[in-house]
Every structure is written in structure tokens, then in C-alpha cells.
Amino acid sequence: MLIMLMAKACNLHTNQDNRLLDSQRKIAMIAEMIHAASLIHDDIIDIADMRRGQPSAHSVWGQKKAVLSGDFILAISSMALARIGNPDVVVVLSQVIEDLVRGEFMQLGSKEDETERFQHYLEKTYKKTASLIANSCKAVAMLSKSDPETIDIAYHCGRNIGMTFQLVDDVLDFVSSEQMLGKPTAADLKLGLATAPVLFAANKYPELNGMIMRRFNQPGDINRAIECVKQSKGTEETQILAQQHSKEAINLISKLSDSVEKQCLIRVIEQTLHRLK
């Protein structure tokens, strides 16, 4: 929906015609396929039995079938992308797959230098989450034959929406319930991952830095980390950062011509910031 709204908003801004092109509809479909494949593979890597309240693919069909299913979805999406016949768009969407893999590798490690750790987290978050939205928005703007400024608006708006989504997700991991999220809370800590609330909390509780480097693998690490986040302003600071990204996304989309689609995009951005699950 988000990608199609961006496409129609760009079409109206550039061509005074908000009709969705078939190629743009296919980009939205391809983005969903890449997203679905990445979730299947993520659940295998994370050994996650549940996905939004439902059994994950590998817990139902087994790891081998799940891996092949994710690969198959990516293969079909690549074929659909090639059939669009626009080499520049192929390059843009191919970047998403590279970013997903690089982001996963970045997640496997952590910077020893505490001053570099937050930037590492932000880069990983962009590659694993925001790149898909950013580059999909860029692709549909390119297909509308928009000027470079409009294409840049679409890309950076998508980037900020993606960052907002993940930052809010990281907050919910600490403040929401398992029933609401449809997955275990503090899931990232259990995987040994330090997200924004923990990184912000480490400014007040330096003891967290040692836990981050050993990936919370000692008895009591996870409970202590949760306690530090709750006793600091880790979640509040993360929410403020999410608000900054959502505000920037709205500022960018506001530069496009007025339309129903533009207003819907603004509403989507607001809902992304204030979602509860």
C-alpha cells in the first residue's frame, strides 16, 4: 500500500495524473515478495517459532523447506523485476537484496568502540529494514519519470519511514506485551542484540557495554539489561529519535503536490509512529 501511494503521489506531482502504472504496481508486489522472503530467512536465523502471533514457516514446514521457500520467492521476484525492462530500476531494487545480506552480517557483530556502536546500529537498521522501503519508493518515482529532486524526496521519505518503523519496533520490544506483539518480548536481547533503547541506556549504565560485547550470554545479563532500560530513558530517547524520522518524512512528502494519496501517506507515517504492535 505504501509503495502504491508513493507511486500515485509522484505520478500526480510529475504528470498531473495519479493513475498507477502497471510497472509501479509490480514494484509494490516485488517489494512485498522480498520482504516475505527476508522474514522467512530471518526467522530461521533467529530460531523464531512465531511471527506476529502465527507459527513461523520453518516451525511448520521444517528448516530446509523454509530456506528453499524464501529462495524461491526471491527468484520469482527477480524474474518479475527483470521483466519490467528498466535497467536503472533493476539496479535500485537489487541494492535492497545486497543491503539485507550486509545488514544481517552487521547484526552478527558489534563495534568494540562505544562511540561507533550507535552508528553501526543505525546503518544495520537502514540495511535490514529501511532500504527496502526507501529504494522501492525511489523505483516507483523513477518509473513516473520524475525529476531528480522528486526521486530524492521519494527515496528519503521511504528511508525515514523505514527507520521510524524499526525504532518503534525496538521500543515495543521493551514496553509491549507478548500477546500484543504476537512474539516474545525482549526478543532481541535473547538473541544477543543491542537495539537503540539499550544503547541509549548504556550512557547512564556503562556496565551494559560489557554485556553488549558478550551478547548478553551470562546468567542475569538479560534481566539486568531490561532493568537498566526501564530505569533510564532508553525507550523515551528511542521514541524521540523515531519522532524525528517521522517528522522528516512528513516534511519531505509535504513538498509534493496536494492529493488524497499525499494525505494518506502522511496518515501512514503518523500511524507508523504511534502503532502499538
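## Surface and overall form

The chain exposes about 13900 Å², and carbon and sulfur atoms supply 55% of that area. The model is predicted. Of the chain's 277 residues, 49% count as buried.

Along the principal axes, the C-alpha atoms fill a box of roughly 60 × 40 × 35 Å. A compact globule with 277 residues would have a radius of gyration near 19 Å, and the chain agrees because its own value is 19 Å.

## Helices, strands and contacts

The chain contains 14 helices and two strands. Among contacts between residues at least 6 apart in sequence, 69% join residues at least 24 apart.

Helix H2 covers residues 22-46, which is 25 residues. At 1.5 Å a residue it should span 36 Å, and its end C-alpha atoms are 36 Å apart, so the two values agree. Just after H2 comes Ile 47, with a positive phi of about 55 degrees.

## A nonpolar patch

Which residues form a nonpolar patch on the surface? They are Phe 72, Ile 76 and Met 79, which together have about 290 Å² of accessible area. Ile 76 lies in helix H4, and Met 79 is found in H4 too, a helix of residues 63-84. An α-helix has 3.6 residues a turn, so residues three or four places apart point the same way.

How values were computed:
Residues are numbered from 1 along each chain as its sequence is written. This is a predicted model: local features need pLDDT of at least 70, side-chain atom pairs count only at pLDDT 80 or more; totals for chains, interfaces and linings use all residues. Side-chain values use heavy atoms; hydrogens and water are left out. Helices (H or I, at least four residues) and strands (E, at least two) are DSSP runs, numbered from the N terminus. Patches are made of residues with over 30% relative accessible area and no salt bridge: like charges are joined within 9 Å, nonpolar side chains (Val, Leu, Ile, Met, Phe, Trp, Tyr) within 5 Å. Accessible areas come from the Shrake-Rupley method with a 1.4 Å probe; for residues, only the protein chains shown count as cover. A salt bridge is a side-chain nitrogen of Lys or Arg within 4 Å of a carboxyl oxygen of Asp or Glu. The expected span of a helix is 1.5 Å times one less than its number of residues. The radius of gyration is taken over C-alpha atoms; the globule rule is 2.2 Å times the number of residues to the power 0.38. Buried means under 20% relative accessible area, exposed over 50%, partly exposed in between (1.4 Å probe, protein chains only). Contact means heavy atoms within 4.5 Å.
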